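Please read it with the structure open beside it.

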Amino acid sequence: MSNFVRGVFIEECKNRFLCLVKIKKEEHLCYVASSARLSNFVDLANKKVLLIKNKGIKTRTAYTLYAVKGEFGYIVLNLSEANTLLLEVIRKEYSSNISIQKEKFTLEGYKADHLVVSVPPTIVEVKSILADKTAVRFPSVNGERSIRQLEALEEALLNGYQVRYCLVLLSSYIDNLTLDVSAADFNTRLKKCVDLGMSLETYRLKVTRKLRFFIERDSQLENSILRNEVLLNVE
């Protein structure tokens with residue numbers, strides 16, 4: 001995507017889905033595609049940002065916040081873009097006659113980010129990693145939702161599904177990703193799923209000079225996580 005609009009970030013609004021951005025000396029209200037406040041993960045004050053012009057005439061805002069330019073590269077701020085970027089990758093891995101469905105309900109109301117209608121069917125769970133630091137721990141929030149997701153994925157594995165658990169690093173800054181030792185319940189569930197055959201995959205953000213954003217799989221980082229003492233010591 002090269003038709004970005006450039007601006008300067010001013011502030012997040014009280015409504016967490018909105019922010020103020022200056023474009024050519026004028027302030028504009030922009031949509032933020034994130035359920036979490038971005039300031040919890042990235043310092044955006046007075047930073048140069050890339051925006052996407054919204055389609056349609058009935059939208060509340062004219063632009064959507066897409067990425068911020070920092071000292072060491074870009075950080076994608078549109079968290080839903082992780083699904084889009086990953087879909088571009090996995091679509092190439094399957095033949096054209098195999099359907100890949102978005103947000104498909106599978107077991108017990110669990111909603112997968114993508115469901116590959118193959119034999120056996122494959123659930124693709126996408127996790128966005130957002131930060132402006134070089135070293136990051138995962139999960140950044142030890143929430144019950146992540147644990148419930150892993151419980152559902154464990155059940156899916158036991159019922160014959162294949163599962164791909166994909167960590168998408170939306171920042172060019174991140175060099176090292178490790179598991180948070182304090183997230184004991186999460187790590188236990190993650191280890192169970194890996195032992196049952198779940199594929200743990202990591203993808204790094206890449207940006208060309210013409211501002212084409214894409215991701216590439218990083219097997220070295222995957223092996224580092226799987227060999228991490230936090231995971232190996234889980235009983």
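This is a predicted model: local features need pLDDT of at least 70, side-chain atom pairs count only at pLDDT 80 or more; totals for chains, interfaces and linings use all residues.

**Notes on backbone geometry, overall form and the domain contact**

1. Pro 139 sits in the loop that runs between strand S10 (135-138) and helix H2 (144-158). The peptide bond that joins Phe 138 to Pro 139 is cis, with omega at about 0 degrees.

2. Pro 120 belongs to the loop between strand S8 (111-116) and strand S9 (122-129).

3. Turning to the whole chain, the protein holds 14 strands and five helices. Along the principal axes, its C-alpha atoms fill a box of roughly 55 × 40 × 35 Å. The radius of gyration is 19 Å, which agrees with the value near 18 Å that a compact globule of 235 residues would have.

4. The protein is divided into domain 1, covering 4-70, and domain 2, covering 79-232. The C-alpha centres of domain 1 and domain 2 are 26 Å apart.

5. How many residues of domain 1 are in contact with domain 2? Twelve residues of domain 1 are in contact with ten residues of domain 2. Between them, domain 1 and domain 2 bury about 950 Å², and 65% of this area is on carbon and sulfur atoms.

6. As for specific pairings across this boundary, the count of salt bridges between domain 1 and domain 2 is zero, whereas three residue pairs, with both residues at pLDDT 80 or more, are in polar contact between the two domains. On the side of domain 1 that touches domain 2, strand S5 (residues 63-70) gives the most, with three residues. Sorted by class, that side of domain 1 has eight nonpolar, two polar and two charged residues.

Notes:
Residues are numbered from 1 along each chain as its sequence is written. Side-chain values use heavy atoms; hydrogens and water are left out. Domain bounds come from an automatic or database domain assignment. Contact means heavy atoms within 4.5 Å. Buried area is the accessible area (1.4 Å probe) that two parts lose on being put together, summed over both. A salt bridge is a side-chain nitrogen of Lys or Arg within 4 Å of a carboxyl oxygen of Asp or Glu. A polar contact is a pair of N or O atoms within 3.5 Å; within protein, one must be able to donate a hydrogen and the other to accept it, and residues adjacent in sequence count only if both atoms are side-chain atoms. Helices (H or I, at least four residues) and strands (E, at least two) are DSSP runs, numbered from the N terminus. Ala, Val, Leu, Ile, Met, Phe, Trp, Tyr, Cys and Pro count as nonpolar, Asp, Glu, Lys and Arg as charged, and the others, Gly among them, as polar. The radius of gyration is taken over C-alpha atoms; the globule rule is 2.2 Å times the number of residues to the power 0.38.
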